[in-house]
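Colleague: Please take a close look at one part of this model for me, down to single atoms. After that, I would like to hear about its surroundings and other places to look at.

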Amino acid sequence: MNSEALTSLNDIDRNYPVPRVYDFLSCPENSGFLEYVFKDPFGCHVFPGDIAGYPLDSFFDDMDRDIGQAKQIHLWSYIPTCRYRCHFCQYPTVILNPQATSSRAVFRDLVDCNIKEAIMWLQSVPCLAQAEVGEFNIFGGTPSLLPEPELRRLMDFYRSHFNFSAATMRFEGEPGTLTNDYLRLLKELGFTKISFGAQAFNDRIITACGRMHSAEDCVKTIYNAREIGFEWVSVDLIYGMLGQSVDDVKYDMEKTLELELSHVVCTKLHMEEFMKKRTGVSGERASLWQKKGPGNINNMNFPGLGKQYQMRELVEQYLLPDYREHPTMYFHQNHQRPEKWKGLITDLDAQYPEVAIGLGGSSKCTRAEAINITGYKKYKQALDENRLPIEDSRGVSSLHREVNAFKMALSTLVPVNDNVFRQRFEGRSFFDNPIICRALMTLIDKALVTADADRVTLTPDGVTLVEAIINTQFVTPEA
Ligand SMILES: C[S@@+](CC[C@H](N)C(=O)[O-])C[C@H]1O[C@@H](n2cnc3c(N)ncnc32)[C@H](O)[C@@H]1O
Ligand code: SF4
(Lines give C-alpha, C1' and ligand atoms only; values in the text may rest on other atoms or scores of the structure.)
(Ligands and ions follow the chains in the order given, each with its own letter.)
Protein backbone atom coordinates (compact mmCIF):
# COMPACT_ATOMS: atom_id res chain seq x y z
CA MET A 1 0.00 0.00 0.00
CA ASN A 2 1.22 3.55 -0.77
CA SER A 3 2.74 4.69 2.52
CA GLU A 4 2.51 8.39 1.59
CA ALA A 5 -1.22 7.99 0.99
CA LEU A 6 -1.63 6.16 4.31
CA THR A 7 0.32 8.86 6.16
CA SER A 8 -1.98 11.44 4.60
CA LEU A 9 -5.06 9.43 5.63
CA ASN A 10 -3.70 9.31 9.19
CA ASP A 11 -3.46 13.10 9.34
CA ILE A 12 -6.49 13.48 11.59
CA ASP A 13 -7.66 16.28 13.90
CA ARG A 14 -8.11 14.52 17.26
CA ASN A 15 -10.79 17.02 18.30
CA TYR A 16 -13.14 15.56 15.69
CA PRO A 17 -14.32 12.00 15.09
CA VAL A 18 -12.24 9.74 12.84
CA PRO A 19 -13.89 10.07 9.42
CA ARG A 20 -16.35 7.36 8.46
CA VAL A 21 -14.46 6.33 5.28
CA TYR A 22 -11.22 5.81 7.25
CA ASP A 23 -11.85 2.10 7.78
CA PHE A 24 -12.72 1.56 4.13
CA LEU A 25 -9.71 3.46 2.77
CA SER A 26 -7.18 1.98 5.20
CA CYS A 27 -8.15 -1.57 4.25
CA PRO A 28 -5.40 -3.08 1.99
CA GLU A 29 -7.94 -4.47 -0.50
CA ASN A 30 -9.21 -0.94 -1.15
CA SER A 31 -5.78 0.46 -1.98
CA GLY A 32 -6.97 1.38 -5.51
CA PHE A 33 -9.49 3.78 -3.98
CA LEU A 34 -6.92 5.26 -1.59
CA GLU A 35 -4.48 5.71 -4.45
CA TYR A 36 -7.12 7.54 -6.47
CA VAL A 37 -8.26 9.92 -3.72
CA PHE A 38 -4.65 10.62 -2.75
CA LYS A 39 -3.88 11.73 -6.31
CA ASP A 40 -7.22 13.60 -6.31
CA PRO A 41 -7.97 14.10 -10.00
CA PHE A 42 -10.88 16.45 -10.67
CA GLY A 43 -12.94 14.07 -12.67
CA CYS A 44 -16.42 13.68 -11.29
CA HIS A 45 -18.13 16.00 -13.72
CA VAL A 46 -16.60 14.67 -16.90
CA PHE A 47 -17.59 11.66 -18.85
CA PRO A 48 -15.08 11.35 -21.67
CA GLY A 49 -15.73 9.49 -24.90
CA ASP A 50 -13.85 6.26 -25.59
CA ILE A 51 -13.24 6.80 -29.33
CA ALA A 52 -10.17 9.02 -29.76
CA GLY A 53 -9.49 11.08 -32.89
CA TYR A 54 -13.21 11.39 -33.68
CA PRO A 55 -13.75 13.50 -36.83
CA LEU A 56 -15.22 16.95 -36.19
CA ASP A 57 -17.86 16.45 -38.89
CA SER A 58 -19.13 13.36 -37.05
CA PHE A 59 -19.09 15.28 -33.77
CA PHE A 60 -21.30 18.01 -35.23
CA ASP A 61 -23.63 15.45 -36.87
CA ASP A 62 -24.03 13.74 -33.49
CA MET A 63 -24.65 17.06 -31.73
CA ASP A 64 -27.23 18.03 -34.34
CA ARG A 65 -29.07 14.73 -34.02
CA ASP A 66 -29.10 14.77 -30.21
CA ILE A 67 -30.01 18.44 -29.99
CA GLY A 68 -32.86 17.85 -32.45
CA GLN A 69 -34.26 15.13 -30.18
CA ALA A 70 -33.60 16.70 -26.76
CA LYS A 71 -36.29 18.57 -24.87
CA GLN A 72 -33.81 21.26 -23.84
CA ILE A 73 -30.11 22.02 -23.88
CA HIS A 74 -27.62 23.70 -21.58
CA LEU A 75 -25.88 26.61 -23.32
CA TRP A 76 -22.92 28.37 -21.84
CA SER A 77 -20.57 31.14 -22.70
CA TYR A 78 -17.17 31.35 -20.99
CA ILE A 79 -15.55 34.73 -20.32
CA PRO A 80 -11.99 34.14 -19.08
CA THR A 81 -10.99 37.56 -17.72
CA CYS A 82 -9.78 37.80 -14.11
CA ARG A 83 -8.17 40.64 -12.19
CA TYR A 84 -5.84 38.23 -10.31
CA ARG A 85 -4.98 34.57 -10.39
CA CYS A 86 -5.89 32.51 -7.34
CA HIS A 87 -3.19 30.10 -6.16
CA PHE A 88 -5.44 27.03 -6.59
CA CYS A 89 -6.86 27.86 -10.00
CA GLN A 90 -6.02 26.15 -13.29
CA TYR A 91 -8.94 27.51 -15.28
CA PRO A 92 -7.97 29.25 -18.53
CA THR A 93 -7.81 32.92 -17.58
CA VAL A 94 -6.76 36.22 -19.11
CA ILE A 95 -5.42 38.38 -16.26
CA LEU A 96 -5.87 42.11 -16.67
CA ASN A 97 -6.38 45.37 -14.86
CA PRO A 98 -10.00 46.20 -15.69
CA GLN A 99 -9.31 49.92 -15.21
CA ALA A 100 -6.43 50.06 -17.73
CA THR A 101 -7.36 51.62 -21.09
CA SER A 102 -5.63 48.72 -22.88
CA SER A 103 -8.12 46.29 -21.30
CA ARG A 104 -10.98 47.74 -23.34
CA ALA A 105 -9.61 46.18 -26.52
CA VAL A 106 -9.23 42.81 -24.75
CA PHE A 107 -12.87 42.82 -23.60
CA ARG A 108 -14.00 43.79 -27.10
CA ASP A 109 -11.89 41.03 -28.66
CA LEU A 110 -13.22 38.46 -26.20
CA VAL A 111 -16.82 39.29 -26.97
CA ASP A 112 -16.04 39.35 -30.72
CA CYS A 113 -14.45 35.90 -30.43
CA ASN A 114 -17.33 34.52 -28.38
CA ILE A 115 -19.87 35.76 -30.91
CA LYS A 116 -17.84 34.52 -33.87
CA GLU A 117 -17.47 31.08 -32.32
CA ALA A 118 -21.20 30.91 -31.56
CA ILE A 119 -22.03 31.83 -35.17
CA MET A 120 -19.76 29.02 -36.38
CA TRP A 121 -21.57 26.61 -34.06
CA LEU A 122 -24.93 27.75 -35.45
CA GLN A 123 -23.65 27.08 -38.97
CA SER A 124 -22.26 23.64 -38.07
CA VAL A 125 -25.29 22.48 -36.07
CA PRO A 126 -28.48 23.50 -37.89
CA CYS A 127 -30.82 22.40 -35.03
CA LEU A 128 -29.08 24.65 -32.53
CA ALA A 129 -30.87 27.91 -33.35
CA GLN A 130 -34.31 26.41 -32.57
CA ALA A 131 -33.30 24.22 -29.62
CA GLU A 132 -34.96 25.27 -26.38
CA VAL A 133 -32.26 26.54 -24.03
CA GLY A 134 -33.07 25.23 -20.54
CA GLU A 135 -30.42 27.29 -18.81
CA PHE A 136 -28.00 29.85 -20.15
CA ASN A 137 -24.90 30.36 -18.08
CA ILE A 138 -22.16 32.91 -18.33
CA PHE A 139 -19.24 31.21 -16.60
CA GLY A 140 -15.75 32.45 -15.86
CA GLY A 141 -13.13 33.51 -15.13
CA THR A 142 -14.68 36.69 -13.92
CA PRO A 143 -17.37 37.74 -16.40
CA SER A 144 -18.43 40.47 -13.94
CA LEU A 145 -15.40 42.40 -15.21
CA LEU A 146 -17.04 42.81 -18.64
CA PRO A 147 -17.89 46.49 -19.18
CA GLU A 148 -21.61 47.16 -19.55
CA PRO A 149 -21.59 47.86 -23.32
CA GLU A 150 -19.74 44.58 -23.99
CA LEU A 151 -22.07 42.57 -21.77
CA ARG A 152 -25.09 44.12 -23.49
CA ARG A 153 -23.60 43.35 -26.91
CA LEU A 154 -22.98 39.73 -25.90
CA MET A 155 -26.51 39.31 -24.52
CA ASP A 156 -28.17 40.97 -27.52
CA PHE A 157 -26.39 38.45 -29.69
CA TYR A 158 -27.35 35.37 -27.65
CA ARG A 159 -30.96 36.44 -27.22
CA SER A 160 -31.42 37.10 -30.91
CA HIS A 161 -29.69 33.94 -32.19
CA PHE A 162 -30.82 31.25 -29.73
CA ASN A 163 -34.19 30.14 -28.40
CA PHE A 164 -34.41 31.65 -24.91
CA SER A 165 -38.19 31.19 -24.60
CA ALA A 166 -37.84 28.79 -21.64
CA ALA A 167 -34.35 29.72 -20.48
CA THR A 168 -33.34 30.63 -16.97
CA MET A 169 -30.21 32.76 -16.89
CA ARG A 170 -27.31 32.36 -14.48
CA PHE A 171 -24.19 34.48 -14.14
CA GLU A 172 -20.90 33.72 -12.41
CA GLY A 173 -19.07 36.62 -10.81
CA GLU A 174 -16.48 37.36 -8.17
CA PRO A 175 -17.40 39.13 -4.93
CA GLY A 176 -15.06 42.11 -5.40
CA THR A 177 -16.62 42.97 -8.78
CA LEU A 178 -20.31 42.22 -8.24
CA THR A 179 -21.13 45.79 -7.27
CA ASN A 180 -24.71 46.92 -6.75
CA ASP A 181 -24.71 48.64 -10.14
CA TYR A 182 -23.47 45.48 -11.80
CA LEU A 183 -26.05 43.33 -10.00
CA ARG A 184 -28.81 45.71 -11.15
CA LEU A 185 -27.51 45.49 -14.71
CA LEU A 186 -27.62 41.67 -14.54
CA LYS A 187 -31.16 41.78 -13.19
CA GLU A 188 -32.24 44.13 -15.97
CA LEU A 189 -30.69 41.81 -18.57
CA GLY A 190 -32.81 38.93 -17.29
CA PHE A 191 -30.38 37.03 -15.06
CA THR A 192 -32.18 35.50 -12.06
CA LYS A 193 -29.35 33.45 -10.60
CA ILE A 194 -25.85 34.47 -9.62
CA SER A 195 -22.96 32.47 -8.31
CA PHE A 196 -19.50 33.40 -7.09
CA GLY A 197 -16.55 32.01 -5.20
CA ALA A 198 -16.04 32.88 -1.56
CA GLN A 199 -13.86 29.76 -1.06
CA ALA A 200 -13.99 30.40 2.71
CA PHE A 201 -15.48 32.92 5.13
CA ASN A 202 -12.17 33.47 6.87
CA ASP A 203 -9.91 36.31 5.66
CA ARG A 204 -6.72 34.43 6.59
CA ILE A 205 -7.66 31.58 4.22
CA ILE A 206 -8.99 33.88 1.50
CA THR A 207 -5.71 35.83 1.54
CA ALA A 208 -3.62 32.63 1.58
CA CYS A 209 -5.20 31.60 -1.72
CA GLY A 210 -4.28 34.94 -3.31
CA ARG A 211 -7.75 36.44 -3.58
CA MET A 212 -8.31 40.18 -3.42
CA HIS A 213 -11.55 40.44 -1.51
CA SER A 214 -12.59 39.92 2.07
CA ALA A 215 -15.14 37.65 3.72
CA GLU A 216 -17.14 40.80 4.46
CA ASP A 217 -17.28 41.53 0.68
CA CYS A 218 -18.85 38.07 0.17
CA VAL A 219 -21.44 38.66 2.86
CA LYS A 220 -22.30 42.10 1.46
CA THR A 221 -22.64 40.68 -2.07
CA ILE A 222 -25.06 38.03 -0.80
CA TYR A 223 -27.27 40.60 0.99
CA ASN A 224 -27.11 43.09 -1.88
CA ALA A 225 -28.03 40.43 -4.43
CA ARG A 226 -31.03 39.40 -2.35
CA GLU A 227 -32.14 42.98 -1.89
CA ILE A 228 -31.93 43.57 -5.64
CA GLY A 229 -34.15 40.57 -6.17
CA PHE A 230 -31.95 37.53 -6.94
CA GLU A 231 -33.57 34.73 -5.01
CA TRP A 232 -30.87 32.32 -6.19
CA VAL A 233 -27.40 33.13 -4.87
CA SER A 234 -24.94 30.27 -5.04
CA VAL A 235 -21.60 30.43 -3.23
CA ASP A 236 -18.54 28.25 -3.93
CA LEU A 237 -16.54 27.01 -0.95
CA ILE A 238 -13.39 24.87 -1.05
CA TYR A 239 -12.09 22.60 1.70
CA GLY A 240 -8.55 21.23 1.96
CA MET A 241 -6.84 24.54 1.21
CA LEU A 242 -3.48 25.81 2.43
CA GLY A 243 -3.57 26.57 6.15
CA GLN A 244 -7.20 25.49 6.48
CA SER A 245 -8.12 23.53 9.61
CA VAL A 246 -11.17 21.38 10.37
CA ASP A 247 -12.25 24.20 12.72
CA ASP A 248 -12.11 26.64 9.79
CA VAL A 249 -14.51 24.48 7.78
CA LYS A 250 -16.80 24.25 10.82
CA TYR A 251 -16.84 28.05 10.83
CA ASP A 252 -17.67 28.12 7.08
CA MET A 253 -20.59 25.78 7.69
CA GLU A 254 -21.88 27.85 10.61
CA LYS A 255 -21.67 30.91 8.39
CA THR A 256 -23.48 29.10 5.55
CA LEU A 257 -26.37 28.33 7.88
CA GLU A 258 -26.36 31.81 9.43
CA LEU A 259 -26.49 33.38 5.95
CA GLU A 260 -29.23 30.93 4.91
CA LEU A 261 -27.51 30.39 1.56
CA SER A 262 -29.98 28.93 -0.91
CA HIS A 263 -27.22 27.11 -2.81
CA VAL A 264 -23.67 26.25 -1.85
CA VAL A 265 -21.00 24.27 -3.68
CA CYS A 266 -18.48 22.54 -1.39
CA THR A 267 -15.55 21.22 -3.41
CA LYS A 268 -12.42 19.56 -2.17
CA LEU A 269 -9.28 21.40 -3.31
CA HIS A 270 -8.04 19.61 -6.42
CA MET A 271 -4.35 19.77 -7.19
CA GLU A 272 -4.10 17.21 -10.00
CA GLU A 273 -4.00 18.59 -13.54
CA PHE A 274 -7.59 19.23 -14.73
CA MET A 275 -6.59 18.75 -18.35
CA LYS A 276 -5.71 15.10 -17.78
CA LYS A 277 -9.34 14.41 -16.94
CA ARG A 278 -10.90 16.69 -19.56
CA THR A 279 -12.85 18.46 -16.87
CA GLY A 280 -15.74 20.91 -17.49
CA VAL A 281 -13.48 23.82 -18.24
CA SER A 282 -10.12 22.24 -18.88
CA GLY A 283 -7.02 23.46 -17.10
CA GLU A 284 -4.55 25.62 -18.93
CA ARG A 285 -1.45 25.66 -16.77
CA ALA A 286 -0.42 24.47 -13.34
CA SER A 287 -1.73 26.48 -10.41
CA LEU A 288 0.80 28.19 -8.15
CA TRP A 289 0.14 25.63 -5.41
CA GLN A 290 0.68 22.76 -7.86
CA LYS A 291 4.02 24.23 -8.88
CA LYS A 292 5.15 24.60 -5.27
CA GLY A 293 3.95 21.12 -4.33
CA PRO A 294 1.81 19.96 -1.43
CA GLY A 295 4.36 20.87 1.33
CA ASN A 296 4.72 23.86 3.58
CA ILE A 297 4.18 27.34 2.08
CA ASN A 298 4.61 30.47 4.25
CA ASN A 299 4.54 28.27 7.36
CA MET A 300 1.18 26.82 6.40
CA ASN A 301 0.40 23.24 5.38
CA PHE A 302 -2.25 21.53 3.33
CA PRO A 303 -4.52 19.28 5.43
CA GLY A 304 -3.99 15.57 4.72
CA LEU A 305 -6.63 13.13 3.52
CA GLY A 306 -7.85 12.29 7.04
CA LYS A 307 -8.60 15.95 7.78
CA GLN A 308 -10.13 16.43 4.32
CA TYR A 309 -12.65 13.69 5.06
CA GLN A 310 -13.33 15.14 8.51
CA MET A 311 -14.08 18.41 6.68
CA ARG A 312 -16.37 16.65 4.21
CA GLU A 313 -18.24 15.01 7.10
CA LEU A 314 -18.68 18.36 8.81
CA VAL A 315 -20.23 19.69 5.61
CA GLU A 316 -22.71 16.80 5.65
CA GLN A 317 -23.35 17.10 9.38
CA TYR A 318 -24.14 20.82 9.15
CA LEU A 319 -25.96 20.92 5.84
CA LEU A 320 -27.84 17.69 5.41
CA PRO A 321 -30.74 18.36 7.75
CA ASP A 322 -31.80 21.48 5.80
CA TYR A 323 -30.08 20.92 2.46
CA ARG A 324 -29.93 18.21 -0.17
CA GLU A 325 -26.84 17.33 -2.20
CA HIS A 326 -27.68 17.01 -5.88
CA PRO A 327 -25.39 16.39 -7.71
CA THR A 328 -22.29 15.63 -5.68
CA MET A 329 -20.82 18.78 -4.07
CA TYR A 330 -23.85 20.94 -5.00
CA PHE A 331 -26.09 21.61 -1.99
CA HIS A 332 -29.46 23.33 -2.11
CA GLN A 333 -31.91 24.18 0.66
CA ASN A 334 -34.70 21.58 0.87
CA HIS A 335 -37.36 24.05 -0.24
CA GLN A 336 -35.23 25.26 -3.19
CA ARG A 337 -34.59 23.48 -6.46
CA PRO A 338 -31.30 21.81 -7.41
CA GLU A 339 -28.98 23.47 -9.94
CA LYS A 340 -30.93 23.38 -13.19
CA TRP A 341 -27.96 23.22 -15.57
CA LYS A 342 -26.47 20.31 -13.64
CA GLY A 343 -29.79 18.46 -13.74
CA LEU A 344 -30.15 19.06 -17.48
CA ILE A 345 -26.85 17.35 -18.20
CA THR A 346 -26.67 14.63 -15.53
CA ASP A 347 -30.17 13.54 -14.38
CA LEU A 348 -30.97 10.15 -15.90
CA ASP A 349 -34.30 11.31 -17.32
CA ALA A 350 -32.59 14.30 -19.00
CA GLN A 351 -28.86 14.05 -19.86
CA TYR A 352 -29.38 16.60 -22.60
CA PRO A 353 -26.61 18.07 -24.78
CA GLU A 354 -24.56 21.04 -23.65
CA VAL A 355 -22.89 23.56 -25.90
CA ALA A 356 -19.99 25.57 -24.53
CA ILE A 357 -18.73 28.66 -26.30
CA GLY A 358 -15.38 30.09 -25.22
CA LEU A 359 -11.86 29.32 -24.12
CA GLY A 360 -11.52 25.77 -22.70
CA GLY A 361 -15.24 25.03 -22.92
CA SER A 362 -16.42 21.45 -23.28
CA SER A 363 -19.48 20.43 -25.27
CA LYS A 364 -21.13 17.08 -25.36
CA CYS A 365 -24.04 14.91 -26.30
CA THR A 366 -24.61 11.21 -25.68
CA ARG A 367 -22.62 10.18 -28.78
CA ALA A 368 -19.64 12.54 -28.77
CA GLU A 369 -17.84 15.26 -26.86
CA ALA A 370 -15.21 17.91 -27.58
CA ILE A 371 -13.02 20.31 -25.64
CA ASN A 372 -11.89 23.74 -26.77
CA ILE A 373 -8.36 25.11 -26.93
CA THR A 374 -7.29 26.47 -23.51
CA GLY A 375 -4.52 28.95 -24.53
CA TYR A 376 -5.94 32.37 -25.43
CA LYS A 377 -3.45 33.09 -28.24
CA LYS A 378 -4.09 29.76 -29.94
CA TYR A 379 -7.84 30.12 -29.38
CA LYS A 380 -7.92 33.55 -31.00
CA GLN A 381 -5.70 32.41 -33.85
CA ALA A 382 -8.09 29.56 -34.68
CA LEU A 383 -11.01 31.99 -34.86
CA ASP A 384 -8.97 34.50 -36.92
CA GLU A 385 -8.40 31.66 -39.38
CA ASN A 386 -12.14 30.88 -39.37
CA ARG A 387 -11.66 27.55 -37.60
CA LEU A 388 -13.69 26.48 -34.59
CA PRO A 389 -11.25 26.51 -31.64
CA ILE A 390 -11.75 22.83 -30.81
CA GLU A 391 -8.70 21.06 -29.41
CA ASP A 392 -9.94 17.50 -29.48
CA SER A 393 -13.13 15.56 -30.09
CA ARG A 394 -14.04 12.03 -29.06
CA GLY A 395 -16.86 9.68 -29.91
CA VAL A 396 -18.76 7.45 -27.50
CA SER A 397 -19.34 3.81 -28.46
CA SER A 398 -22.78 2.30 -27.82
CA LEU A 399 -21.46 0.31 -24.83
CA HIS A 400 -19.96 3.46 -23.29
CA ARG A 401 -23.09 5.51 -23.94
CA GLU A 402 -24.76 3.29 -21.37
CA VAL A 403 -21.77 3.44 -19.04
CA ASN A 404 -21.62 7.24 -19.23
CA ALA A 405 -25.37 7.51 -18.67
CA PHE A 406 -25.04 5.33 -15.56
CA LYS A 407 -22.00 7.20 -14.23
CA MET A 408 -23.67 10.59 -14.76
CA ALA A 409 -26.75 9.32 -12.96
CA LEU A 410 -24.58 8.10 -10.05
CA SER A 411 -22.97 11.55 -9.79
CA THR A 412 -26.40 13.05 -9.05
CA LEU A 413 -26.53 10.90 -5.86
CA VAL A 414 -30.15 10.06 -6.71
CA PRO A 415 -30.79 6.26 -6.80
CA VAL A 416 -30.28 5.05 -10.37
CA ASN A 417 -33.57 3.68 -11.62
CA ASP A 418 -33.41 0.84 -14.14
CA ASN A 419 -36.87 1.62 -15.55
CA VAL A 420 -35.72 5.11 -16.51
CA PHE A 421 -32.52 3.61 -17.88
CA ARG A 422 -34.52 1.18 -20.02
CA GLN A 423 -36.52 4.05 -21.47
CA ARG A 424 -33.27 5.67 -22.61
CA PHE A 425 -31.81 2.47 -24.08
CA GLU A 426 -34.61 0.69 -25.93
CA GLY A 427 -35.44 -1.66 -23.09
CA ARG A 428 -31.89 -2.60 -22.15
CA SER A 429 -31.28 -2.88 -18.41
CA PHE A 430 -28.07 -1.52 -16.91
CA PHE A 431 -27.51 -5.04 -15.58
CA ASP A 432 -27.20 -6.15 -19.26
CA ASN A 433 -24.15 -3.95 -19.76
CA PRO A 434 -21.00 -6.00 -18.93
CA ILE A 435 -18.99 -2.99 -17.70
CA ILE A 436 -21.75 -1.68 -15.42
CA CYS A 437 -22.64 -5.16 -14.20
CA ARG A 438 -19.03 -6.01 -13.29
CA ALA A 439 -18.61 -2.67 -11.49
CA LEU A 440 -21.83 -3.19 -9.56
CA MET A 441 -20.72 -6.62 -8.33
CA THR A 442 -17.57 -5.06 -6.84
CA LEU A 443 -19.40 -2.03 -5.45
CA ILE A 444 -22.07 -4.18 -3.77
CA ASP A 445 -19.37 -6.44 -2.36
CA LYS A 446 -17.56 -3.40 -0.93
CA ALA A 447 -20.82 -1.97 0.47
CA LEU A 448 -20.49 1.22 -1.59
CA VAL A 449 -23.89 0.68 -3.23
CA THR A 450 -26.98 -1.37 -2.56
CA ALA A 451 -29.09 -2.79 -5.38
CA ASP A 452 -32.58 -4.18 -5.62
CA ALA A 453 -34.46 -5.36 -8.73
CA ASP A 454 -34.57 -1.96 -10.37
CA ARG A 455 -32.56 0.54 -8.31
CA VAL A 456 -28.97 1.18 -7.35
CA THR A 457 -28.38 3.43 -4.34
CA LEU A 458 -25.08 4.76 -3.02
CA THR A 459 -24.40 4.00 0.66
CA PRO A 460 -23.02 6.85 2.82
CA ASP A 461 -19.42 5.74 2.06
CA GLY A 462 -20.43 5.49 -1.61
CA VAL A 463 -21.69 9.09 -1.56
CA THR A 464 -18.39 10.31 -0.10
CA LEU A 465 -16.35 8.28 -2.60
CA VAL A 466 -18.58 8.78 -5.64
CA GLU A 467 -15.89 10.49 -7.70
CA ALA A 468 -13.45 7.61 -7.08
CA ILE A 469 -16.22 5.11 -7.90
CA ILE A 470 -17.04 6.81 -11.19
CA ASN A 471 -13.43 7.09 -12.27
CA THR A 472 -11.97 3.76 -11.20
CA GLN A 473 -14.70 1.11 -11.36
CA PHE A 474 -16.25 1.28 -14.83
CA VAL A 475 -13.41 -0.10 -16.89
CA THR A 476 -13.44 -2.26 -20.00
CA PRO A 477 -12.37 -5.81 -19.05
CA GLU A 478 -8.92 -6.78 -20.42
CA ALA A 479 -9.29 -8.63 -23.74
C1 LIG B 1 -13.55 29.07 -12.10
S2 LIG B 1 -14.22 29.75 -10.70
C3 LIG B 1 -15.23 31.08 -11.23
C4 LIG B 1 -15.73 31.93 -10.10
C5 LIG B 1 -15.08 33.28 -9.92
N6 LIG B 1 -14.03 33.52 -10.81
C7 LIG B 1 -14.56 33.38 -8.50
O8 LIG B 1 -13.44 32.92 -8.29
O9 LIG B 1 -15.26 33.92 -7.65
C10 LIG B 1 -15.44 28.56 -10.16
C11 LIG B 1 -15.07 27.86 -8.89
O12 LIG B 1 -14.23 26.75 -9.15
C13 LIG B 1 -13.63 26.37 -7.92
N14 LIG B 1 -12.25 25.92 -8.17
C15 LIG B 1 -11.35 26.48 -8.99
N16 LIG B 1 -10.18 25.81 -8.92
C17 LIG B 1 -10.35 24.79 -8.03
C18 LIG B 1 -9.52 23.74 -7.52
N19 LIG B 1 -8.25 23.61 -7.89
N20 LIG B 1 -10.05 22.88 -6.64
C21 LIG B 1 -11.34 23.00 -6.25
N22 LIG B 1 -12.17 23.97 -6.68
C23 LIG B 1 -11.68 24.86 -7.55
C24 LIG B 1 -13.68 27.60 -7.01
O25 LIG B 1 -14.49 27.32 -5.89
C26 LIG B 1 -14.28 28.66 -7.88
O27 LIG B 1 -15.11 29.56 -7.18
S1 SF4 C 1 -10.88 31.15 -9.03
FE2 SF4 C 1 -12.04 32.65 -10.16
S3 SF4 C 1 -11.03 34.61 -9.77
FE4 SF4 C 1 -9.62 33.04 -9.14
S5 SF4 C 1 -8.30 32.81 -10.94
FE6 SF4 C 1 -9.89 31.22 -11.04
S7 SF4 C 1 -11.48 32.08 -12.27
FE8 SF4 C 1 -10.15 33.80 -11.65
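Modeller: Start with the side chain of Gln244: one of its polar atoms lies 2.8 Å from the backbone nitrogen of Gly240. A polar atom of the Gln244 side chain also lies 3.2 Å from the backbone oxygen of Ile238. Both are polar contacts (N or O atoms within 3.5 Å; within protein, one must be able to donate a hydrogen and the other to accept it, and residues adjacent in sequence count only if both atoms are side-chain atoms). Please bear in mind that this is a predicted model, where local features need pLDDT of at least 70 and side-chain atom pairs pLDDT 80 or more, while totals for chains, interfaces and linings use all residues. Residues are numbered from 1 along each chain as its sequence is written, chains are lettered from A and ligands numbered from 1 in the order written, and side-chain values use heavy atoms, with hydrogens and water left out.

Gln244 sits in the loop between strand E7 (232-239) and helix H10 (246-258). Helices (H or I, at least four residues) and strands (E, at least two) are DSSP runs numbered from the N terminus. Is Gln244 buried or exposed? It is buried, because its relative accessibility is 3%; buried means under 20% relative accessible area, exposed over 50% and partly exposed in between, using a 1.4 Å probe and protein chains only. Apart from neighbours within four places in sequence, Gln244 is in contact (heavy atoms within 4.5 Å) with residues including Ala200, Ile205, Asn301, Pro303 and Met311.

E7 and H10 come up again with helix H9 (residues 215-228): its buried residues pack against both of them, and also against helix H7 (180-188), strand E6 (193-199) and helix H8 (203-208). Among those buried residues of H9 are Cys218, Val219, Ile222 and Ala225. H9 has 14 residues and reaches 20 Å from its first C-alpha to its last, close to the 20 Å expected, where the expected span is 1.5 Å times one less than the number of residues. Gly229, with a positive phi near 115°, follows H9.

Most residues other than glycine have a negative phi, and most peptide bonds are trans. Glu260 has a positive phi of about 50°, and it is exposed, with a relative accessible area of 54%. Asn298 also has a positive phi, near 50°; this residue lies in the loop between helix H11 (288-292) and helix H12 (305-319). Asn298 counts as exposed because its relative accessibility is 65%. As for peptide bonds, the one from His326 to Pro327 is cis, with omega near -5°.

Met63 is itself one of the buried residues of helix H4 (residues 56-69), and the buried residues of H4 pack against E12 among other elements.
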